[in-house]
Amino acid sequence: MSKNKRSMWSVKLSTAAIVLIPAAIGINYLGKLFASLLRLPLWLDSIGTVLASMLAGPIIGAASGIINNIIFGITADPISTVYAITSGAIGLTVGIMAHKGWISSIQKAVVVGLVTGVVAAIVSTPLNMIFWGGQTGNIWGDAFYTFLISTNSPQWLASFGDSIVVDVPDKVVTVLISYFIFKGLPNSLTNIYRQDSEIEEI
Amino acid sequence: MSTIEVENLKYRYPDTTKLVLNDLNFSVEKGECLGIIGENTAGKSTLCYALAGLVPHFYKGAYGGKVTVNGLVVRDHEIATIVENIGLVFENPFSQMTGAKQTVYEEVAFGLENMGLVRQEMHTRIEKYLKLLAVYSVKDKNPFDLSGGQMQRVAIASVLAMEPEVLILDEPTSQLDPQGSQEVFEVIEELTKGGMTIILVEHKMDKIAQYADRVLLLHEGRQVDLDTPENIFSRGDLTDFGLTPPVVTTIAKALGIQYPGTKLYPVTIEEFKRLGEDK
Amino acid sequence: MGSMTLYVEKNSLIHHLDPLVKLLYVAASIALTYILPEPLFIAGVLFITFLLLVVGKVFRNSLPIVALSMVLIFSLVIVQGFFHPDNATELFAIGPVVFYEEGLTVALGLVLRVLVMVGAFSVLILTTRPDEMVERLIKKGMSPKIGHVILSVLQLIPQMRATMGKITDAQRSRGMETEGKLLVRIKAFFPLIGPVVLNSLNETKERSIALEMRGFDAPGKKTFLNEEKIYPYNKQFAGMLVIIILLAIVWRVIG
Ligand SMILES: Nc1ncnc2c1ncn2[C@@H]1O[C@H](COP(=O)(O)OP(=O)(O)OP(=O)(O)O)[C@@H](O)[C@H]1O
Ligand SMILES: [Mg+2]
């Protein structure tokens, strides 16, 4: 157990793990493009971050998420920078849960998706409060926000509801898709990210 | 001492059960070109990784025996140290570009920046190797805008600029079109003539015959034979290892053209013609 | 194939500024909108930001970036103007929808702040070469590996976009369903994303090998091919921004 802990939080990042970050960001980007091509009612823009977390652990997962949003912030959409913290939290959550054995079956993967969605909403709420008075700019989320406000709910609760209706379904589907892909990957593509392995003498 | 010494080398990838390298023993002399042949999954690439230190440092897994490059025991040194002695170029030119540099010139500089060279020395080396590899004219282009052949030559220039003692080429033309392959082989010819120590993995047997001083025949991780191209390609059992000799050798066998007083067949066109005329 | 950057090559005073000073400006201008949150004051910061865009000859280039935040801005105006909890004073009505003064004031502040954010970012990204900024940050102590990640993402995205074209064409010719029921479309997602992931991971493996072979993990001190640019009035600009922030804080505390 203590050995596991050390490897999950290992600070010495291998070259393979570093190169995984841009790949994860690329996969995030294409996931989002394909989702809009197929007119899916979800973002699916964090598949790369989730996969990176499953492959290389929470640190690399979080780094993929954070850098993902910073880069889209400075190249396309400044507003996405704000959510770098949320993306980082998604990477951390999936990385830790994957390491603790929570991606060994579909049922467990659904739980990972639910937890990740809730974590994302919890982290996003204060950001939305600070930056835009509680809204997200997502039509469904903001409609729900409006509904909650009109029933006299406090603003933070409305804001949290705004995020939850958007984040939970998206993250459950994202984690499930990533789970199916991850299970299908050959050993030769996954074993280079393991930070715990030692050289055995023969 | 030889430039490369391999003793009882054994290796297995992590989470697998099969030895991919099984008790290899050979050495390579300075200025020699060693060809490595064998069917798919024979372990050629893995052997290249073992010479360059990627096995075991990058891949981990189970490792036994000893590899010495330029006096350096590979097992005991970091990859960053080993690469100053041995360079590796492989099939896919695209993934050998760092992806972080905007121009060919800067691309070649990448390794030199990591080595901590002073600026003047960097410029000298970059100019030298861009010219040697005939890619000086595209030095200001984005590496990803080049043709496959040009990109592969930039990859070779980038590795050579670090001035290693040995250059490993693992199927350097298998993903290139004929034009690109031709360009790369011209460079290899220059380098062998220039006295560079080269390890060349190739499926094109005529190229092995043309450039290699000796050939290592691998099969299922074992060293079947290590000899001159004539000896290797004159073997009657090559098909057992999933290989066919160069076309000239096959024709020479059919026509019975041999080196006088031996059972050896010619492996290059020049030798074929010479022996044919003598006959 | 280029790099994903909005950088506009121009010769202006702003282009010649230190990327770090521009980064500091982004941070300072956003911070100011919180330290002194009155709409009039935020409008002042916004005016200066637009002025910088004009001096940097990139004002027109910033418009598409601002346009991206329009959805958020509309949403802010409507929801806050209509539903803000403090709403009391009726301002005007469009049909059954009533807008209130309190909500609209809040919305105005929020919208101005969004514009400052987007504008200040635009100043930075439209007038700064990404590699120049990354090199500056590395020299200030950022890990060269993180720098490498940032620069490679910028090149990777356009390549990915090209890949996407190829994959969708291939899948379409095999009869992929982009229409139809939701479940059908979700199923169609896998053959699209699957090959991308496999390719990317294979490339990741090969590229890591290539980087290792070029001394990426070398422990010693790294050098730089490009000579360090000399930035005019660097300290002065940075100092000025810090002083403005301090003054604003003092103002807020006293006033
Ligand atoms: N990262 C890896 N993890 C596990 N097994 C691997 C890995 N890389 C290669 N192998 C296995 O090791 C064996 C030797 O592979 P290697 O790539 O060295 O062969 P090769 O002779 O270079 O083949 P080719 O001609 O196809 O390039 C194969 O059975 C392969 O499946
Ligand atoms: Mg191979």
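Trainee: Which residues of helix 7 of chain A are buried?

Mentor: This is a predicted model, in which local features need pLDDT of at least 70, side-chain atom pairs count only at pLDDT 80 or more, and totals for chains, interfaces and linings use all residues. Residues are numbered from 1 along each chain as its sequence is written, chains are lettered from A and ligands numbered from 1 in the order in which they are written, and side-chain values use heavy atoms, with hydrogens and water left out. In helix 7 of chain A, the buried residues are A:Gly141, A:Asp142, A:Tyr145, A:Thr146, A:Leu148 and A:Ile149. Buried means under 20% relative accessible area, exposed over 50%, and partly exposed in between, with a 1.4 Å probe and protein chains only.

Trainee: What covers the buried residues of helix 7 of chain A?

Mentor: The cover includes helix 8 (155–183) of chain A and helix 4 (70–83) of chain C. Contact here means heavy atoms within 4.5 Å.

Trainee: How does the span of helix 7 of chain A, from its first C-alpha to its last, stand against the expected value?

Mentor: Helix 7 of chain A (residues 139–150) has 12 residues and reaches 16 Å, close to the 16 Å expected at 1.5 Å a residue. The expected span is 1.5 Å times one less than the number of residues. Helices (H or I, at least four residues) and strands (E, at least two) are DSSP runs, numbered from the N terminus. After helix 7 of chain A comes A:Asn152, with a positive phi near 65 degrees.

Trainee: Why is C:Ser152 called buried?

Mentor: C:Ser152 counts as buried because its relative accessibility is 9%. This residue belongs to helix 7 (residues 144–173) of chain C. Neighbours within four places in sequence left aside, C:Ser152 is in contact with A:Pro22, B:Gly99 and B:Ala100.

Trainee: What does the side chain of C:Ser152 reach?

Mentor: The side chain of C:Ser152 reaches the backbone oxygen of C:His148 at 2.7 Å. A polar contact is a pair of N or O atoms within 3.5 Å; within protein, one must be able to donate a hydrogen and the other to accept it, and residues adjacent in sequence count only if both atoms are side-chain atoms.

Trainee: What makes B:Lys30 and B:Glu165 a salt bridge?

Mentor: The side chains of B:Lys30 and B:Glu165 meet at 2.5 Å, N to O. A salt bridge is a side-chain nitrogen of Lys or Arg within 4 Å of a carboxyl oxygen of Asp or Glu, so the label applies. B:Lys30 lies in the loop between strand 2 (21–28) and strand 3 (33–37) of chain B, and B:Glu165 in the loop between helix 7 (148–160) and strand 7 (166–170) of chain B, so the pair ties together parts that are 135 residues apart in sequence. B:Lys30 is exposed, at a relative accessible area of 60%, whereas B:Glu165 is partly exposed at 27%.

Trainee: How do you know that B:Glu163 and B:Lys128 also meet in a salt bridge?

Mentor: Their N to O distance is 3.9 Å, and the cut-off places the pair within the definition. B:Glu163 is partly exposed at 35% relative accessibility, and B:Lys128 is partly exposed at 48%. B:Glu121, B:Arg125, B:Lys128 and B:Glu163 are linked in a network of salt bridges.

Trainee: How many salt bridges does the rule find across the interface of chain A and chain C?

Mentor: The rule finds zero salt bridges there. Chain A and chain C bury about 5,500 Å² between them, 80% of it on carbon and sulfur atoms. Buried area is the accessible area (1.4 Å probe) that two parts lose on being put together, summed over both.

Trainee: How many does the rule find across the interface of chain C and chain B?

Mentor: Two salt bridges are found across that interface. B:Glu107 and C:Arg214 meet in a salt bridge at 3.2 Å, N to O. The area buried between chain C and chain B is about 3,400 Å², of which carbon and sulfur atoms give 55%.
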